[in-house]
Amino acid sequence: AITQFQVQHSVFPSYLFFGETRLANQIDIAKNKIGYEEKILPYGTTAHPNILAGFLVIGLLILLQNVSIGRNRKFYMFFCVTVLSFIALFLAQSISAWLCLFFGVIYIKWQPEWWQRHQKIYAFCVILFILLSPFFLHYIARTFPSNTSFLRRDDLNTSAIHIIQQNTVFGVGLQNFTTHIEEYSPTAEAVRFMQPVHNVFLLWVSETGLIGIVLITLVILYFRKKNVGSVLFCLFPIMIFDHYLLTQETGVLLVSFFISSCVILTKRNLLH
């Protein structure tokens with residue numbers, strides 16, 4: 001990722017690992033102004049800088065739970081990996097990933113014991129957080145009208161809410177959000193943008209309806225005693241600002257790997 005940013009083109013000649021995007025194709029490539037020059041953001045071996053940033057943050061959170069501070073070879077390796085990861089994370093410029101790192105550090109400090117002692121409070125905060133997140137983004141989009149990223153996300157959220165209102169029970173079907181967005185979009189911008197809503201919760205409900213809510217509730221209740229619910233706290237920023245955790249195979253892999261790692265680490269700590 002760091003090399004990509006320096007040379008401003010793909011490092012490898014073909015698609016590798018996690019669906020690397022060909023940076024030679026300038027259409028729909030993520031760019032941003034850095035100083036006075038517009039530069040291509042690093043993709044690493046992923047399909048988007050946000051996905052790269054998500055992998056970096058999740059990897060860092062897992063490392064933080066495994067490495068103890070001390071003068072040993074493992075700590076020096078951890079230090080080098082952390083420094084390089086932070087450089088790539090800074091270049092990727094993903095706000096959701098930085099927020100994910102912040103939430104993750106809070107989770108590591110509290111550990112799942114807090115979840116076990118305050119399950120009702122946690123559940124209430126989670127539900128409130130999910131319900132208020134579209135309104136929070138709407139406020140940000142109206143506060144910063146020149147930011148097209150916020151405006152597009154807000155338009156997609158509005159489209160998702162309209163879809164939910166018209167398809168409450170069954171939704172429009174998995175992976176069908178983009179095929180129906182033109183029917184429910186409040187602006188032409190969302191149609192031109194043509195992406196799934198950048199909010200995992202709205203995307204799931206708009207595609208599966210009340211049936212999907214019931215299904216997820218049953219899954220959460222099943223894993224309630226395995227601390228999986230508390231682990232998802234770390235991923236909330238990505239869930240409300242992006243969609244790849246649900247729509248991309250790499251995102252599903254990332255969630256599965258993170259949850260599995262945290263459950264294993266929790267069991268290890270309990271045994272100790």
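Which residues are buried in helix H7 (residues 177–184)? The tour returns to this question after a view of the whole chain. The model on the screen is predicted.

**The whole protein**

Begin with the entire chain in a cartoon view. The protein contains 13 helices and two strands. Of its 272 residues, 42% are buried. Now display the surface: the accessible area comes to about 15800 Å², and carbon and sulfur atoms account for 67% of that area. Contacts within the chain may be considered next. Among those between residues at least 6 apart in sequence, 66% join residues at least 24 apart.

**First stop: helix H7**

Select residues 177–184, which form helix H7, and show their side chains. The buried residues here are Phe177, Ile181 and Tyr184. Why do they lie on the same side of H7? They cover an arc of only 80° around the axis, which puts them on the same side of the helix.

**Second stop: the second largest pocket**

Select Ala30, His48, Asn50, Ser149 and Arg153. Among the 41 residues that line the second largest pocket, these lie nearest its centre. The pocket holds about 1300 Å³ of space.

Which element gives the most to the lining of the second largest pocket? Helix H6 does, with five residues. Colouring the lining by residue class shows 18 nonpolar, 16 polar and seven charged residues.

Leucine 151 is partly exposed, and its relative accessible area is 24%. Beyond its neighbours within four places in sequence, leucine 151 is in contact with Ala141, Arg142 and Pro145. Draw a distance between the C-alpha atoms of leucine 151 and alanine 141. These residues are ten apart along the chain, and the separation of the two atoms is 5.2 Å.

Select serine 85, a residue of helix H3. Is serine 85 buried or exposed? With a relative accessibility of 11%, serine 85 counts as buried, the cut-off for that class being under 20%. Leaving out residues up to four places away in sequence, serine 85 touches Leu56 and Leu60.

Valine 81 also lies in helix H3. Valine 81 is partly exposed, at a relative accessible area of 40%. Show the C-alpha atoms of valine 81 and leucine 63: the two residues are 18 apart in sequence, and these atoms are 9.5 Å apart in space.

Serine 96 is buried, with a relative accessible area of 6%. Which residues does serine 96 touch, not counting those up to four places away in sequence? They are Pro237, Ile238 and Phe241.

In general, most residues other than glycine have a negative phi.

Select glutamine 8, in the loop between helix H1 (2–7) and strand S1. Although glutamine 8 is not a glycine, its phi is positive, at about 60°. Glutamine 8 is partly exposed, with a relative accessible area of 23%.

Then select glutamine 93, in the loop between helix H3 (73–92) and helix H4. What is the phi of glutamine 93? Its value is near 55°, which is positive in a residue other than glycine. At a relative accessibility of 32%, glutamine 93 counts as partly exposed.

Notes. Residues are numbered from 1 along each chain as its sequence is written. This is a predicted model: local features need pLDDT of at least 70, side-chain atom pairs count only at pLDDT 80 or more; totals for chains, interfaces and linings use all residues. Side-chain values use heavy atoms; hydrogens and water are left out. Buried means under 20% relative accessible area, exposed over 50%, partly exposed in between (1.4 Å probe, protein chains only). Helices (H or I, at least four residues) and strands (E, at least two) are DSSP runs, numbered from the N terminus. The arc is that of the directions from the helix axis to the C-beta atoms. Contact means heavy atoms within 4.5 Å. Accessible areas come from the Shrake-Rupley method with a 1.4 Å probe; for residues, only the protein chains shown count as cover. On a 1 Å grid over the protein atoms alone, a cavity is a set of points where a 1.4 Å probe fits but cannot get out, and a pocket is an open set with protein on both sides within 12 Å along at least five of seven lines; lining residues have an atom within 4 Å of a point. Grid points are joined across faces, edges and corners, and a volume is the space filled by probe spheres set on the points. Ala, Val, Leu, Ile, Met, Phe, Trp, Tyr, Cys and Pro count as nonpolar, Asp, Glu, Lys and Arg as charged, and the others, Gly among them, as polar.
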